[in-house]
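The following note is meant for a colleague who is opening this structure for the first time. Please keep the sequence and the 3D view at hand while reading the points below.

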Amino acid sequence: MRTIKALTVMAAMAFLAACSSSQQAAVPASTTVTPGSVADFKQNVGDRVYFDTDLSGVRPDGRATLDKQATWLKQYTNYPITVEGKCDERGTREYNLALGERRANAVKQYLIAQGIPASRIQTISYGKERPEVLGSDEGAWARNRVGITVLQ
Amino acid sequence: MAGFDLQLGIDMKILFSTLLFLALALPSAASAQGSAYVDDRLNQLQQSVTTLTGQVEQLQYQNQQLQQQMEKMRTDYDFRIDQLEKGGKGGPRPAGPAAAGPSAPPPAQQAASTGSADDLYHTAFKMFQDGDYAGAERDFRAFVQRYPKHVLAPNAQYWLGESYYARRDYQNAMTAFAEGYKVYKASAKGPDNLLKLGMTLAVLGRKSDACSVFSRFTQDYPRATDLQKRRIDQERQRNNCG
Amino acid sequence: MMHFSHLRTMLCAAALAAVAVPAHAQLTIDMTKPSFEPVPIAIVDFAGDPMGGQIAEVIRNDLQNCGLFRSISPGSFIERNINANAAPRFPDWRSIGAQGLVVGQIAQVGGNIKVDFRLWDVVVGQQATGLSFTSQPNNWRRLGHIIADAIYKRVTGEEGYFDSRVAYVSETGSVSNRTKRIAIMDQDGANNRYITDGRTPAVTPRFSPTLQELVYMAFSDNNSPPKVYLQNVDSGRRELLGNFPGMSLSPRFSPDGSRVAMSLSKDGRTNLYEMDLRGQNLRRLTNSPAIDTSPSYSPDGTQIVFNSDRGGSQQLYVMGAGGGGDRRVSFGDGRYATPVWSPRGDYIAFTKITGGSFGIGVMRPDGSGERMLASGFLVEGPTWAPNGRVLMYFSQQPNSGGGAASLQQIDITGRFGRQVPTPTSASDPAWSPLIPQ
């Protein structure tokens, strides 16, 4: 376990070193919304990433979204953010609260790795208490296993 | 048990070599390929630690089950040897598939049962050990008729089947094992009855019946010992069950 | 509004002298038998006060609902105006099929009421038990439950559970933005009362051993992580239980009420901690990179069962109450969650998820003897009656169908199940111990 802790510290240092110099160009904004607005973030960047059943690792499709989020957030630095973690209804209440926290944290760590300061990011879990989508099929469940980046 | 220890050892070695690799590779990898790579590797590492934790738990559990099974068998052998020494004859053990079965005469429960029932059972069992299968058959049958609720009744029913099986009277053996499986399904002898019922059907040439009997094993006895599970697997292979 | 504090006082019981010569009666149920018929029992409205009919109705409901008795409709009674202090006309009761007969007499004593009751074994023609209780008049429902407990104990040989309460989560509104309030009620659904105002969702309530406090988890107004609170039931005063940076959840009282075990989440890890309520000292119980949650103390307070996904999927683990010595106890197919140690110590109840279905089951504390008692689309969160022989849990409809939840009760043999009435959709039941007398 001690080895793992040491690795985490090394990794965190590596993240900071790697990301401090990597400013990228912002994604071109659509014409229908004001660039830098909440609507801009939701429509042109994408505010959410999805997770596999019972898992909390960011999937490749989610990484692309989070890369775009990081770029946008670095351009518009006035927003603190809260990452909301949620789960589908196919788990128990308490475990899902913890799983939602783990998902929100996975998003947070990814954004930190992309250079967003940790102090800008809060997390909150809603477990299965506040589903995004109504429905009780795999389609609905897949969209309720989600991490949502909310601009404050 | 040695096999399980070995398995555990191998798993731990994989874990440590993974850790070692990461410790050496991480710093250079991080600067060369970026933080996403490190992130990935850490997640993979976390995942493999979790998987290994689950495997170790499963193996420890199986190991413990196996130890309990071995302890049971040891008690059983002690009992048999004790019986032989008391009898002074040390007669031949029943030969053939019957002796190879995972079945065992009951150990500790006898204290609670009545004298006459105990006597009848042990006389029958002694006869079986001595190769007097007809005598054993008679007394085991008398036992299950007279004491169907006795703690030893499932065992007597099973050994009744064995006393036919040993004489290659497979038709009667089949009936006895089927009866044992049906009536005493939840007893400790349940899995043994199912195994021997399948084996008897196979000897009678009813392979598909045998296979369907074997296929019920996992469902009926999810907590069967590994030895019993292995015996079922062997028999399924032997009979080319799908 | 009811004030629960004085319910704890002014309740005294005494044995009634038997009218007939005591003898070994036949009125018994062996709950361990694989099958038995519910005992037909006649409960006569208690004499001497109008509330006698209400008390009798409380007893009828309790006994009928537990599944072990069949309450005979009072309309079919033959003997009327029965004297509670004399032997009844047994043939009249035998002819309507009664095996047990309950009669009672209420008297005003000062500002209190005195209730005498007798249970007659109709088959043998003798008194099976007789007790006298004195209490304040507004305690009449409790008196009914206490008498029902005495009858249950006399007939089954097990402690009763009717004089107890249930805390739960009352759910109203749409699935996506549901109001969740902590409520408490008597075990039979009476005296429902809300503990939280519903401004923010509150879930997973648990009673302290004295029933004077509740612990639960509640969200806050300002987007910060939900936290565990301790609230006094009578005064309504609530306090944050420790101020930690992350989320705190799944609080449980130790059996002596001096400590609360709970989970704290930080950086994606969820570990178990124990807080000493006097010193507010926090002790770490587990240290894993996984999710460790839903703890439950053994009744002697020496061990804790909890669920963890440290091995890849949710399973049940038992450890010492001070942490350490963790060992996994669940090895069946599927995921196991929300373990709850029986107040008798003989079983652990749990939620089990296999494939697409949820179930409620029990196992021995070493993981052997697993038995499933109920299943459904989503059944979750068993809680034990004080006697360890009955479970309550909640059953939730799919979100697509509105997600309504209801409280369900089932006995440990799995034979008698019923829905517990609640004023609203309800989840997360937590059964209290017997109310201290």
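This is a predicted model: local features need pLDDT of at least 70, side-chain atom pairs count only at pLDDT 80 or more; totals for chains, interfaces and linings use all residues.

1. Chain A has 152 residues, of which 43% are buried. If one takes the contacts in chain A between residues at least 6 apart in sequence, 69% of them join residues at least 24 apart.

2. Within chain A, strand E2 (residues 81–86) deserves a look, because five of its six residues are buried, so that E2(A) is largely enclosed by the rest of the structure. E2(A) pairs with strand E3 (residues 121–127) of chain A in the parallel sense, over six bridges, and in this pairing Lys86(A) stands opposite Gly127(A).

3. Ile81(A) has Leu151(A) in E4(A) as its bridge partner.

4. Turning to the interface between chains, 22 residues of chain A are in contact with 30 residues of chain C. On the side of chain C that touches chain A, at least two residues each come from several strands, among them E10 (202–207), E15 (259–266) and E22 (335–341) of chain C, while the largest share, three residues, is supplied by E14(C). By residue class, this side of chain C divides into 10 nonpolar, 17 polar and three charged residues.

5. Chain C is divided into domain 1 (5–156) and domain 2 (164–434), and the centres of these domains, taken over C-alpha atoms, are separated by 35 Å. Domain 1 of chain C brings six residues to the contact and domain 2 of chain C brings eight. Helix H1 (residues 51–65) of chain C gives three residues, the largest share of the domain 1 side, and that side holds no nonpolar, four polar and two charged residues.

6. In chain C, strand E5 (residues 112–121) and strand E6 run antiparallel and are joined by nine bridges, with Arg118(C) opposite Gly130(C) in E6(C). Strand E6 (residues 126–135) of chain C is mostly covered, since seven of its 10 residues are buried. The hairpin of E5(C) and E6(C) has four residues between the strands, and Gly125(C) takes a positive phi near 80° in this hairpin.

7. Which residues have the most contacts inside the largest nonpolar core? They are Val102(C), Ile348(C) and Leu391(C), in a core of 122 residues. Helix H3 (residues 140–156) of chain C gives this core its largest share, eight residues. Both domain 1 (5–156) and domain 2 (164–434) of chain C give residues to this core, so it lies between them. Beyond its neighbours within four places in sequence, Val102(C) is in contact with residues including Ile41(C), Ile59(C), Phe117(C) and Ile151(C). A second, separate core has 37 residues, including Phe128(B), Ala136(B), Trp159(B) and Leu201(B).

Terms used. Residues are numbered from 1 along each chain as its sequence is written. Chains are lettered from A and ligands numbered from 1 in the order in which they are written. A residue is buried if 20 or more other C-beta atoms lie within 10 Å of its own, exposed if 12 or fewer, and partly exposed in between; C-beta atoms are placed from the backbone. Two residues are in contact if their C-beta atoms, placed from the backbone, lie within 7 Å. Ala, Val, Leu, Ile, Met, Phe, Trp, Tyr, Cys and Pro count as nonpolar, Asp, Glu, Lys and Arg as charged, and the others, Gly among them, as polar. Two strands pair if DSSP finds at least two bridges between them. A nonpolar core is a set of buried Ala, Val, Leu, Ile, Met, Phe, Trp, Tyr and Cys residues joined through C-beta atoms within 7 Å. Domain bounds come from an automatic or database domain assignment.
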